[in-house]
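Here is a short report on one protein chain, written for work at the level of atoms and cut-offs. Please keep the sequence and the 3D view open while reading.

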Amino acid sequence: MKKLTSLLGASVFALSAFAASAAPVNINGVTWDPSSPLSFAADTDFFTQSIINNPGDTLSGWGKIGSVNANSGFCSGCELTFEFGGFNASSVSPGVISNTNPDSLFSSTGWVINIDFQFAGGFANFWVDNTPDFDTSFASSTNGDLWLSMTPNTGFGPSLTANAWIAYDPDTGTILFDEIINGTGLAFLDATGGAAFGNFDLDSQLFGADARVTSRFGVRATPENLTMNAVTVPEPASLAILGLGLLGMGALSRRRKA
């Protein structure tokens, strides 16, 4: 039993060491090092999204990943794009109105209002295209092969939360939703499919989610961007083979001892 325990401990140690020293992963042309300090940190170089005015409105958008782990050459000869949608606004809650907030200096009226948004439902898909042709259009963001599909993890309640300072007209009491000054968003996502599913399906984030996505948008966001952070692993099959091999050594050792 002592030898078996030692071998199991060695198996865990070897698996950890293998993951920590693994070579960069290449999934359909998208390359990154899962042992880097951030494991997988993707930043956009373009994204756009719809405007939400009222509860019941649906948020959607698309864009292109510009770097992974601060490496803009992560997809040599290809591009990684994305779409998201189906996020239905469950609440749109106006708050503080101000003409002294720093964001008010960027408002066409000199006034801003703070709005909290909550959403239900939604999805996100990432596409890899080996004939790069992204031109900021929706069609060019979804014309590759499915790389990763995700749905919201609702462990903290809403599928997506956002907060924004938005231009406000005090004379008419109108919120100018198409003039967002400064906004942020947060969502936790679970991997559900795609070529990279096995590398992301680790429940590594809060609430057992696989990825944490944050956004910054509005006229003061320079640039507007989405950031996705996740802990990833090398090709899962490689880890499984190594683990089975080490456990097999334990079984063989017990048989010889018997």
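## Salt bridges and surroundings

Arg220 is partly exposed, with a relative accessible area of 30%. Buried means under 20% relative accessible area, exposed over 50%, and partly exposed in between (1.4 Å probe, protein chains only). The model is predicted: local features need pLDDT of at least 70, side-chain atom pairs count only at pLDDT 80 or more, and totals for chains, interfaces and linings use all residues. Residues are numbered from 1 along each chain as its sequence is written, and side-chain values use heavy atoms, with hydrogens and water left out.

Which residue forms a salt bridge with Arg220? The partner is Asp103, and the closest N and O atoms are 2.8 Å apart. Asp103 lies in the loop between E5 and E6, and Arg220 in the loop between strand E11 (211-217) and strand E12 (225-230), so the pair ties together parts that are 117 residues apart in sequence. Asp103 is buried, at 4% relative accessibility.

A salt bridge here is a side-chain nitrogen of Lys or Arg within 4 Å of a carboxyl oxygen of Asp or Glu. The count by this rule is two salt bridges. Asp45 and Lys64 also meet through their side chains in a salt bridge, at 3.3 Å, N to O. Asp45 sits in strand E3 and Lys64 in strand E4 (residues 58-68), so this pair ties together parts 19 residues apart in sequence.

Helices (H or I, at least four residues) and strands (E, at least two) are DSSP runs, numbered from the N terminus. The chain has three helices and 12 strands.

Thr44 belongs to strand E3 (residues 40-49). The side chain of Thr44 reaches the backbone nitrogen of Leu226 at 3.0 Å. Contact means heavy atoms within 4.5 Å. Beyond neighbours within four places in sequence, Thr44 is in contact with several residues, including Lys64, Phe82, Glu224 and Leu226.

Pro158 sits in the loop between strand E8 (145-152) and strand E9 (160-169). Leaving out residues up to four places away in sequence, Pro158 touches Gln118, Phe119 and Asn153.

| Residue | Relative accessible area | Class |
|---|---|---|
| Thr44 | 10% | buried |
| Cys75 | 9% | buried |
| Cys78 | 9% | buried |
| Pro158 | 16% | buried |

## Disulfide

A disulfide is a pair of cysteine sulfur atoms within 2.5 Å. One disulfide is counted by this rule. Cys75 and Cys78 form it, with their sulfur atoms 1.8 Å apart. The torsion about the S-S bond of Cys75 and Cys78 is about -120°, so the disulfide is left-handed.

## Surface and whole chain

Leu105, Phe106 and Val219 form a nonpolar patch on the surface, with about 340 Å² of accessible area together. Patch residues have over 30% relative accessible area and no salt bridge; nonpolar side chains (Val, Leu, Ile, Met, Phe, Trp, Tyr) are joined within 5 Å, like charges within 9 Å. Accessible areas come from the Shrake-Rupley method with a 1.4 Å probe; for residues, only the protein chains shown count as cover. Phe106 is found in the loop between strand E5 (79-98) and strand E6 (112-120). Phe106 is partly exposed, at 45%.

The chain exposes about 12,500 Å², and carbon and sulfur atoms supply 58% of it. Of its 258 residues, 42% count as buried. Among contacts between residues at least 6 apart in sequence, 68% join residues at least 24 apart.

Note on methods
A polar contact is a pair of N or O atoms within 3.5 Å; within protein, one must be able to donate a hydrogen and the other to accept it, and residues adjacent in sequence count only if both atoms are side-chain atoms.
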